[in-house]
Amino acid sequence: MSESRNAQPETAGKFNLSGMSLGGFSRLSVARKVILTAAATATLILVALVAISISQASKLSLTTGEHGFATMTRLIANNAAGGIRWNKPDAIETAYIDFANAEDSVIANVVVLDKDGAELIRFDHPSLTHADATGFAAEVTGSKERHMTEVGNHVLVSSPAFNPKDNSFIGTVIIAWSVEDLKSEINAATFQQGIISLGALVLLIVLLGFVTSRLIGKPLAMMTQTMAKLADGDTSVEVPATERRDDIGAMARTVETFKNNAIELVRSTEAREAEKKRAEEEKRQAMHKLADDFESSVRGVVNVVGGLL
C-alpha cells in the first residue's frame, strides 16, 4: 500500500511536468501555433533534404575521383612496366613524373616496388601533404589485384605491373592521391548550399507568418474582440468576415447568429419590462380609483347621516 501511495505523487509530478511543457505552447494564438508547427516541419524536411543531398554529392564526387585515380594508376603502372622489369629507376620515373609535376597535380606520393616488395623508386610532392603508405604497401606487396583505400585526405591506390611479353607479375605501383582540395571544394559547396537553404527557410517562415497572420491571425483576433463586446452587451458591433467561405466565415456567421439572438433577447426583455411597468401602472391607477370611489362613498354616507342629525 505504501509503495502504491508513493508512486502516485511521482506519476502526478510527471503529468504536471508535461502539462507545464505544453502550457507555453497552448497559450499561444492559433496563428502562432500554425506558424511554429509549419516552421518546425519545414526545418526538419529541409535539413533532411540538404543532408541527403550533401551526402550523395560528396559520395558521388569521391567515387568519381576514385575511379579516375584507379584508371590513372593502372596507366602509369603499364607505362612503368618496362623500367620495373629491368630495374631502371629513370625509366620508371618517366612514366609518372609529368603527371606528378603538373601544376594541378594531386599526386602526393609514388612508391614503386618489385615483385618481392623491395622499393625501386619513390616520389614525394614538394607542396602536397604526404601520406603514410607503409601499412598499405605491406598489404598489397605481391598482389596481382588492384587495391584502394582512403586514409585521411588521401586515396591510396595500388596497381600491379606485368611483363609485357609473358604477362607475368613483376611489381607494384602505389600512388597516394590527395583529395584535400576536393574535400575543401565539397565543404565550400556544402556551406554555400547551407546558406542558400537557410535563406530559403527564413523566407518561407516569413511568408508563412505573413499569410497566416493575414488569413487566420487577424480575422480570429477581430472575431475575439467582437465576441468580447457581445459578451459585454454591445450589440451594435459589426461582425467581420461573414462573407468568407472558409471556416473563419462559418465562425463569423455563427457569431452573427449569436448577435441577432442577443438583440432579440434584449428586445424581448425590454418588451417584458414595458409590459410589467404598464401592468403596474394600471394596477396603481385602479387602486387609486378604488380608493377615490371608497372615499367618495364614505363622504356621501357621512353627509347623509349629518343631514339627518
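Predicted model: local features only at pLDDT ≥ 70, side-chain atom pairs only at ≥ 80, totals over all residues.
Colleague: What is the relative accessible area of Val211?
Modeller: Buried residues lie under 20% and exposed ones over 50%, with partly exposed in between. Val211 falls in the partly exposed class, because its relative accessible area is 34%.

Colleague: In what order do the elements of the protein chain run from the N terminus?
Modeller: The protein chain has six helices and five strands. Read from the N terminus, the order is α-α-α-β-β-α-β-β-β-α-α.

Colleague: What is the radius of gyration of the protein chain?
Modeller: For 309 residues the globule rule gives 19 Å. The value for this chain is well over that, so the chain is more spread out than a compact globule. Along the principal axes, its C-alpha atoms fill a box of roughly 175 × 60 × 35 Å. The radius of gyration is 48 Å.

Colleague: What percentage of the accessible surface of the protein chain belongs to carbon and sulfur atoms?
Modeller: Of the 309 residues, 27% are buried. The accessible surface of the protein chain comes to about 20600 Å². The part belonging to carbon and sulfur atoms is 59%.

Notes: Residues numbered from 1 in each chain as written. Heavy atoms only, no water. Buried < 20%, exposed > 50% of the residue type's maximum accessible area, 1.4 Å probe, protein only. Helix = DSSP H or I, 4+ residues; strand = E, 2+ residues; numbered from the N terminus. Rg over C-alpha atoms; globule rule 2.2 N^0.38 Å. Areas by Shrake-Rupley, 256 points an atom, 1.4 Å probe, with all protein chains shown as cover.
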